[in-house]
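Please look over the model below before reading the points. They cover charged pairs, the sheet and the aromatic rings.

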Amino acid sequence: ILISIGGWTQSDKFSDVALTPESRAKFASSVVDFVVRYGFDGADIDWEYPTGGGEAGNVERPADKDNFVLLLDALRSALDAQGEADGRHYLLTIALGAGRTQYQPLDWEKITPLLDFVNVMTYDMAGAWSSETGFNAPLYAASNGMSAETTISAVLALGVPADKLVLGVPFYGHGWTDVAAANNGLHQRFTGLIGEGGSLDYSVLASDYVGAYARFWDDTAQVPWLYDAESRTMISYDDPESIGLKAAYVRERGLGGVMFWEISQDSDDSALLDAIRAGLGEG
């Protein structure tokens, strides 16, 4: 169990934290104290993003991507020093955006040795911000060229070892309204959203939408979607079939594992979690 620091809505001060040797040392010491005090196995840094382009209002500097490396180095040194005293190894991981602008500019030659795992957020490839409906988390490239496989292959090409890469999968979907029936709602313009900000937990999808709406499958992207012609609603989501294929992809490619956002969104019977275990050959 790791404490994760940051996230989309709480990355606003990372630039300040990483700015100077003193601020980095203070942060690293604080993280180690917290990890030890509460019995965590390490820390995860979810800076969205050291390459810029995060939530509006975040403090951003051109030096962020270089200071990110220095921040991780300070954390690794502090965790290792504590681990030597405690006779154990403390984990250090990061969350990584799936877009090229979020991973391409980083100095992976320096970053990779500092980390135990890189948790790649291979989802939110279409959503409320998109110009048309699309896949939330395609395994393979669909029309816009984005996919989990595209991102993983690109990060591998940057020199990150496969066994340090963890594939992210969503336990939620994105939904749009006033969607034309052409192509069963896929890649169509929309005017509205359903769910909170256009997102719906898989538990809600499984109980209220799957079975009520028509289900379609994309053989290229290897993910399903739902469309209801009467309400003109299209939903992109993952189900046990697509999640199982992603877990099998992790096993076949020799990746480090699977992570997901987030466990409370699964159905009551833990269908998605079970599909991950089965796909990894553990269920």
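1. A residue is called buried under 20% relative accessible area, exposed over 50%, and partly exposed in between (1.4 Å probe, protein chains only). At 34% relative accessibility, Arg 232 therefore counts as partly exposed. Asp 178, with a relative accessible area of 34%, is also partly exposed.

2. This is a predicted model, in which local features need pLDDT of at least 70, side-chain atom pairs count only at pLDDT 80 or more, and totals for chains, interfaces and linings use all residues. Residues are numbered from 1 along each chain as its sequence is written, and side-chain values use heavy atoms, with hydrogens and water left out.

3. A salt bridge is a side-chain nitrogen of Lys or Arg within 4 Å of a carboxyl oxygen of Asp or Glu. The structure holds 11 of them. One of these joins Asp 178 to Arg 232, with the closest N and O atoms 3.0 Å apart. Asp 178 sits in the loop between β6 and β7 and Arg 232 in the loop between β9 and β10, so the pair links parts of the chain 54 residues apart (helices, H or I, have at least four residues and strands, E, at least two; both are DSSP runs numbered from the N terminus).

4. Arg 88 and Asp 41 also form a salt bridge (3.0 Å, N to O). Arg 88 is partly exposed at 36% relative accessibility, and Asp 41 is partly exposed at 27%.

5. Five strands form an open sheet in the order β7-β6-β10-β9-β8, with antiparallel pairing; two strands pair if DSSP finds at least two bridges between them. β7 (192–201) and β8 (214–218) stand at the edges with a single partner strand each, so one side of each has no neighbour in the sheet. Four bridges join β9 (residues 223–228) to β10 (residues 233–236).

6. Helix α8 (residues 240–253) packs on the sheet and touches β8 and β9, where contact means heavy atoms within 4.5 Å.

7. Rings of Phe, Tyr and Trp (its six-membered ring) pair if their centres lie within 6.5 Å; planes under 30 degrees apart are stacked, over 60 edge-to-face and the rest tilted. The count comes to 13 aromatic pairs. The rings of Tyr 123 and Tyr 172 have centres 6.2 Å apart and planes at 75°, so this pair is edge-to-face. Both residues are buried. Elsewhere, ring pairs link Phe 14, Phe 27, Trp 47 and Phe 68 into a cluster.

Conventions: Axes fitted to C-alpha atoms, helices over the stretch in contact; angles between N-to-C directions.
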